[in-house]
Amino acid sequence: DVIVAALLGAEEFGMATASLVATGCVMLRKCHLNTCSVGIATQDPALREKFTGRPEDVINYFTFVAERVREQLARLGARSLDDIVGAVERLRARRTSHPKACRLDLGAVLASPAPGPRKFARAMPWDVSDHVDHDLMRRSGLFERDAVPANRPIELALPIDNSRRAVGALLSGEIARRHGARGLPDNTIRVRFTGAAGQSFGAFLAPGVTLELCGDANDYIGKGLSGGRIVVYPPASARFAPEHNVIVGNVALYGATAGDLFACGLGGERFAVRNSGARAVIEGVGDHGCEYMTGGVVVVLGPVGRNFAAGMSGGTAYVFDQAQTLRARTNLEMVELESVVDESDLWLLYSLVEDHVRFTSSPLGRRVLDNWEHLVARFVKVMPTDYKRVLQQRRAAARPRPPGHLSVVGS
């Protein structure tokens, strides 16, 4: 397959599924159900004990592939894959009597390309010397011998445009090297950007760092968020209503583990996909919101798109369902909808909306708080059924026993 793909012009090859099989996957195709019998796609401790995969298994697989590729290259008289990329003239259609396959015309696929270069891929330019994080680290003192004392908070202001990607990732890496996963005290470093941020704004942001964006952000904002805080809001001079306009792109908070995101406006599709610990407040999301979410808290102060909470196995979402369309747009296979009546839910929800208003000055959030007693009944709690059962079991196990309770232990 690698040889044929290269002859057809491929310069890169993906073998993710085969690599997964090499570690023991038996392709049950129920990864979202938390019942993987070989312990790969599950959080169940009993099932995870069945996982027997090793890194050496993947190494062996790729070694075998490489050996076979070398054998085929030798048969073709080539020394490397680069020598055969696009050499489609070395291929011919196999004759077959299959009633459908024999009618396929592969002439266009096997046609010789026009004279000229057949290889176009180039090595990734790993030069990040002009990354904005270098300026942040220099101005925050992270390269000094005594890096960022906790009693000296730093505030910076910088412009940004969408060519600047993964802002905060290098900074967070340096913090992790010097301080570990605990990061820095809250708001030790606060950076206010103005403009339109590129992809992955605030990726892997470490604790103690707050990125404030006056403008809007592209896809993957907060990817892998690891404890930092991201705040996005439109300029004060904007003449549009924030709750009716998109302010962050698709796939926000992908794989986030901790931290906060407050966005004064709408989010794109797959908001908080695979979120496992971050908290977020957004004023509306597109399709597939909270998809495959396993932890954290998401508050949506507006409408949601179709297929909301698909594959959501953990965490909690609170949706302000003023138009009463949530049930029709929610994937109810793994979640259930509840009224927000528990006191702990009410306090959590109110505090998150309050923080949202404090950080973003959201007009919608302010209206919700000002009319809380009348509007709180419009909120709906989206709760994964399995997650709810686990929480109930933990509460029951932690409940103190009544005085005079005796435990009898048999021999």
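**Strand and helix packing in the predicted model**

Strand S3, comprising residues 209-217, is largely enclosed by the rest of the structure, because 8 of its 9 residues are buried. The model described here is a predicted one. On one side, S3 is joined to strand S2 (residues 189-197) by 9 bridges, and the two strands run parallel. Within this pairing, Ala197 stands opposite Ala217 of S3. Strand S4 (residues 226-233) is also parallel to S3, to which 5 bridges connect it. Here Leu213 has Val232 of S4 as its bridge partner.

These pairings belong to an open sheet of 10 strands, arranged in the order S1-S2-S3-S4-S5-S6-S7-S8-S10-S9 and with mixed pairing. S1 and S2 run parallel and are joined by 7 bridges, with Ile160 standing opposite Gly195 of S2.

Strand S2 also contains Phe193. This residue has a relative accessible area of 0%, a value under the 20% cut-off, and Phe193 is therefore classed as buried. Leu158 lies 35 residues from Phe193 in sequence, yet the C-alpha atoms of the two residues are 5.0 Å apart in space. With residues up to four places away in sequence not counted, Phe193 touches Val132, Leu136, Leu158, Pro159, Ile160, Val167, Phe201, Leu211, Glu212, Leu213 and Cys214.

The axes of helix H5 (residues 132-140) and helix H6 (residues 169-179) come within 7 Å and cross at roughly 45°. H5 and H6 are therefore oblique to each other. On the H5 side, the residues involved are Asp133, His134, Leu136, Met137 and Ser140, which meet Ala169, Leu170, Leu171 and Glu174 of H6. By class, this contact of H5 with H6 comprises 5 nonpolar, 2 polar and 2 charged residues.

In the second pair, helix H8 (residues 343-360) packs against helix H9 (residues 363-370) at an angle of about 140°, and their axes are 8 Å apart. H8 and H9 are therefore likewise oblique to each other, and H8 passes H9 in a left-handed crossing. The contact is made by Tyr350, Val353, Glu354 and Val357 of H8 together with Gly365, Arg366, Val368 and Leu369 of H9. The contacting residues of H8 and H9 divide into 5 nonpolar, 1 polar and 2 charged.

At the level of the chain, 11 helices and 10 strands are present. The C-alpha trace spans about 80 × 65 × 50 Å along its principal axes. Of the 411 residues in the chain, 41% are buried. Among contacts between residues at least 6 apart in sequence, 47% join residues at least 24 apart.

Methods. Residues are numbered from 1 along each chain as its sequence is written. This is a predicted model: local features need pLDDT of at least 70, side-chain atom pairs count only at pLDDT 80 or more; totals for chains, interfaces and linings use all residues. Side-chain values use heavy atoms; hydrogens and water are left out. Buried means under 20% relative accessible area, exposed over 50%, partly exposed in between (1.4 Å probe, protein chains only). Helices (H or I, at least four residues) and strands (E, at least two) are DSSP runs, numbered from the N terminus. Two strands pair if DSSP finds at least two bridges between them. Axes are lines fitted to C-alpha atoms, for helices over the stretch in contact, and angles run from 0 to 180 degrees between N-to-C directions. Angles under 35 degrees count as roughly parallel, over 145 as roughly antiparallel, 65 to 115 as roughly perpendicular and the rest as oblique. A crossing is left-handed if the near helix is turned anticlockwise from the far one by less than a right angle, and right-handed if clockwise. Contact means heavy atoms within 4.5 Å. Ala, Val, Leu, Ile, Met, Phe, Trp, Tyr, Cys and Pro count as nonpolar, Asp, Glu, Lys and Arg as charged, and the others, Gly among them, as polar.
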